[in-house]
Amino acid sequence: MKSLNPIGLWCFALLLLCACGRHESASIVEHVNRTAFVNPFIGTARMGHTFPGATRPSGMVQLSPQTRFESLLAPDGNYNPDTYRYCAGYQHGDSTILGFAHTAFSGTGHSDLGDILIMPVVGKPNLASDEQGAPLFGSAFSHDSEHAEPGYYGVELDRYHIQAELTASDRVGIHQYTYLEGGEAQVVMDLTYNIYHHPDKNVWTFVRVENDSTVVGYRQTTGWGRTRLVHFAMRFDRAFLDFGYERGQELTYNGFYRRFDEAHGFPEMAGRDLRAWFDFGNLENNESIGVRVALSGVSTAGALANLEAEAPRFDFEKARAEADAAWETELARVELEPLREEDATTFYTAMYHSMLSPVLYEDVDGQYRGLDQNIHTSDGFTNYSVFSLWDTYRALHPWVNLTQPELAGDLVNSMLAPADQSVHGMLPIWSHQANENWCMIGYHAVSVLAEAVSMGVPGIDADRALEAAVETARVPYFDGLGDYIEYGYVPDDRSHSGVSKTLEYAYDDWCIAKLADQLGNTAIANEFDARAKSYRAVWDRESGFMRPRMSDGTFRESFDPLDTHGQGFIEGNAWNYGLYVPHAVDSLIAWHGGPEAFTDHLDSLFTMQLDDRYFAHTEDITRDGIIGNYVHGNEPGHHIPYLYNYAGAPERTQAQVRMICDRMYGPDVDGLCGNDDAGQMSAWYLFSALGFYPVAPASGEYALGSPAVKSAIIHLGNGRDLIIETEGNSTERYEVETVYWNSVPLSRPFIDVNQLANGGTLKFVFKES
């Protein structure tokens, strides 16, 4: 079978489809790298919270420009809402770069990281901070000189006339700074800077100058990750002539180190807030300085080993080419013929964003820092971190389970290992870099585990997965879980967001029941199947909505189903979150008066108007991501467009999905309607553009939609290809007449997950206008 390539700005050939739906051939005039269709700037405007810097697929290093310092706290000590815009350290509307940090989250709605800020300068740098705490050595820049592609970022720093270029290996950030007009070349290393900085965030920083080109050290911070250690090894491609540093505060006790002039030429640096400078003397025009910075969660020795293994010599162009090749390999998992040229950019950038997390979190020798803060060695798997599970269990992990089963096995084992290390005995809730940050609700790792086991993802101990899931679901002090077990729901007067918790726990318990059933454990299956029905306890027949319920059994009197704040829901309202029963949609349909009435209810959601006051206090919901009262810019409603299928109205699913693909996604900087949330928003698009979606990921079936592509081939590994074909599809035609699986028409708007996972042809025939 010959390859399909994205249509667009290059030559491409006519795709031939025979009437029977079998893929015959594609004549390709010119091969185009899929990396050319990726725009890393998508989502960097407003609330997408993505970053444009250099990284590898699932790479440990995210080497990216930082454009503004916003402290977590305002001057009065209260929360500073402006910090939210800088969850990734970059906003496209800014015109200043403070430096280039080596770690960043992609698309999250809370943040941390921003480690080891490097900035090239000309002349002696001012290492002081402004009134807000921002460094003073930043530089203006223009987007006209800025360029990003997978594995590469470049920009000219106007203040210093320096061309900055970045690339990365898995564990090493690689910098090339060309001093266009020469001058006194210095490089600043800022270990004070953080994303979501607060006065106590830097616990301790330690640096050793090993020789005239190698510097190692670590920083411990306490933020979203309460005890987080980042070790580094930095090596320049030429010797520095002088160095020194400044502390951001005086040490209460400095012992007999006071006998030294530590600030200048002393090869040890220690304190909470450090900024160091390295002087390379005068450079001629267009001379460059190369810098390699390796990371480790284990030790500086681990960082040095990572450096030697991945970037033993400075060769920027070689590293850039290798990064591009790594991305091309991953993006080539899907061959696409889009409906419009710009859709190729939207699709392949969504793929790119879906591969920015979880991230590699172990050294080249397999050692990593565990949740218990001890050093472990991965055995039979590669360890990963950054599990934004309240978001990613919905579509990102199902996408990985389908398209990258080997990686999926590593991710599951990277969840099971922390369960062994946890003093609570729990699977990750929202974890990063050897820390559980406890963000959001539910215990959604169980959904990932249950689906992975059902799909036969390799390398998983299914019995251990069930054991960890059950232990997690029985921790009584976790977020209202004890009350949930006792009352059958989470009472509103005993815990915030009680309705959301009840609904999410019920789904998770259903996943555990499904997993137990697969393994023949009837007792556990029955226990959690009963718990999975807890959603019934928060349905209020009188109001027609899921509603907060008190510990005395009554529903809360004060209740507004439109408001997204303080109504028993987290980041959502009763109209959206009240439809979250993905494992029992039949109950929702019955409660709303049957299929026709339920369809009308869904239509109302998309057509009514939600006034700004209803989400004024919810920073994760903005007008950009709202259609009527449907909130696509946040995760709880991502399954809703597919609920029409269950009510016998698949044409309404098809219309809404295509409308969302067009309105909520695009090829420009504002091409994401809300936080990408570690790839979840992008994964929704990947599934939906291809014509199917996991409404309830552990259910064993996908709901069908309306593909927003002409055709695609998804390479699933082991010689298995899933081919998506369409007949009569266009930007104006979205209604599907018949769907065929391997030439056999489907009788329902659903398809078995494992059928697709084994490969075959899924063909959508569209109705004529």
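Analyst: Start with one term: a charge sits over a ring if NZ of Lys or CZ of Arg is within 6 Å of the ring centre and within 35 degrees of the ring normal. By that rule, the charged end of Lys-124 sits over the ring of Trp-277, 5.1 Å from its centre. Arg-652 has its charged end over the ring of Tyr-644, 5.5 Å from the centre.

User: What kind of model is this, and how are residues numbered?

Analyst: The model is predicted, so local features need pLDDT of at least 70 and side-chain atom pairs count only at pLDDT 80 or more, while totals for chains, interfaces and linings use all residues. Residues are numbered from 1 along each chain as its sequence is written, and side-chain values use heavy atoms, leaving out hydrogens and water.

User: What is the mean pLDDT of the protein chain?

Analyst: The mean is 95, and 96% of the residues reach 70 or more; pLDDT is the predictor's confidence in each residue, from 0 to 100. Over residues 1–30, pLDDT stays under 50. Where pLDDT is low, the predicted coordinates should not be read in detail.

User: OK, new topic. How many aromatic pairs are there?

Analyst: Rings of Phe, Tyr and Trp (its six-membered ring) pair if their centres lie within 6.5 Å; planes under 30 degrees apart count as stacked, over 60 as edge-to-face and the rest as tilted. The count is 48 aromatic pairs. Phe-236 and Phe-278 form a tilted one, 5.5 Å centre to centre with 50° between the planes. Phe-236 lies in strand E16 (residues 228–236) and Phe-278 in strand E19 (residues 274–283), so the pair ties together parts 42 residues apart in sequence. Strands (E, at least two residues) and helices (H or I, at least four) are DSSP runs, numbered from the N terminus.

User: Which strands does E40 pair with?

Analyst: Two strands pair if DSSP finds at least two bridges between them. Strand E36 (residues 720–727) pairs with E40 in the parallel sense over six bridges, and Leu-722 has Gly-760 of E40 as its bridge partner. Strand E37 (residues 736–741) runs antiparallel to E40, joined by five bridges. Tyr-740 stands opposite Lys-763 in E40.

Terms used. Contact means heavy atoms within 4.5 Å.
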